[in-house]
Amino acid sequence: MSGSRWRSAAVAHVQTWRPYTLCYPAMLGLAGAAAAGDAVSLVPALVPALGWLSGHYLGDYFDRGLDAIGKPHRPIPSGRLSAEAALFGGIACALASALLAAASNWRILPVFVLAMLGIVGYSKVFKKRGASGNVVRGALSALAVVIGAMLVTPLPPWSVLPVALGFLLHDTASNLVGTVRDVDGDRAGGYRSVPVRHGVRHAVRLASGLYGTGVLFVASAAWFVSDASAHLALVLLAALAGVFAFTPLFRDSVDRAVALRAHEVLVGERLVLAAAVVAGSTGPALALAVLVPVLVLSLTTQAAMRTRHEIPPAPALLRRKDTVA
């Protein structure tokens, strides 16, 4: 393989990783560990991040047909990354995550298997079936929280429950916002997402309700933490960012760029929300020491990469003005 092809393949892998999202599963693992009463450590961050990375590879592998319609510039449909390489990358990351998890607590393995089944089921079955796909996507975040907790304690305590439920609802909502962004490609590919079946307004109202309820669940975890004021302060900051993200979605019409910007805000907001759980257990200083660099990394890589990854350059499928009522 020539040097230019090596560089092209390397860039394709990095684009598949979506670096702006990988900080989030790490923060979910830390939130789970913190809710279980443990301080910040590496393994609860690394195991969910590797599992998430596996999900990116496998998701792109299973979605390659849909991406060929709506996002032909992505690594697999553009030919810069082979389907086989994506499948191998997904399996390798899943095995690395499983081995690291099992070395810490063998009881995690059934939960880990459930998470991997969710990753495959989301792309192969549920994504095209509307709300059930959004819920499965949210459940993967809840499982990341549970796995983070089980990496520091044999079985997760009850204090993990409101955090896991909160992120289940939060990420169901976030995934719904993503379907607003992808509504035309989903419709062309035969995917019966919520905005395709019921309209964008219904999807936005449903997502905002789920989001608000999820934030309330995470806020209720303040009952279990040692520093409730730090926990609630960061929850409030995240909620304000959520309001900023959702407000433009209630306009009379929402184009693809507006939906993408809303989701971009949620990418940063959810890091703050996860850090709130860490702050409640470890105090604000350590939580902010973790949050600030991952927030900077996530937002800068998102600004550099995400629009080009999500929206095809013209000329492509969506050459017309991409506005949905």
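1. Does H170 count as buried or exposed in this structure? In this predicted model, H170 counts as buried because its relative accessibility is 1%, where the cut-off for burial is under 20%.

2. As to its setting, H170 belongs to helix α8, which runs over residues 161–181. Once neighbours within four places in sequence are left aside, the residues in contact with H170 are Y24, L210, Y211, G214, E269, R270 and L273. One of these, E269, also has a polar contact at 2.7 Å, formed between its side chain and the side chain of H170.

3. Turning to the overall fold, the protein contains 14 helices together with two strands.

4. The C-alpha trace spans about 55 × 50 × 30 Å along the principal axes of the protein, and 54% of the 325 residues count as buried.

5. Concerning the surface, the protein exposes about 13900 Å², and 69% of this area is supplied by carbon and sulfur atoms. The protein carries 28 positive and 16 negative charges, and the mean positions of these two groups are 6 Å apart.

How values were computed. Residues numbered from 1 in each chain as written. Predicted model: local features only at pLDDT ≥ 70, side-chain atom pairs only at ≥ 80, totals over all residues. Heavy atoms only, no water. Helix = DSSP H or I, 4+ residues; strand = E, 2+ residues; numbered from the N terminus. Buried < 20%, exposed > 50% of the residue type's maximum accessible area, 1.4 Å probe, protein only. Areas by Shrake-Rupley, 256 points an atom, 1.4 Å probe, with all protein chains shown as cover. Lys, Arg positive; Asp, Glu negative; His and termini not counted. Charge placed at Lys NZ, Arg CZ, Asp CG, Glu CD. Polar contact = N/O pair within 3.5 Å; in protein donor to acceptor, adjacent residues only side chain to side chain. Contact = heavy atoms within 4.5 Å.
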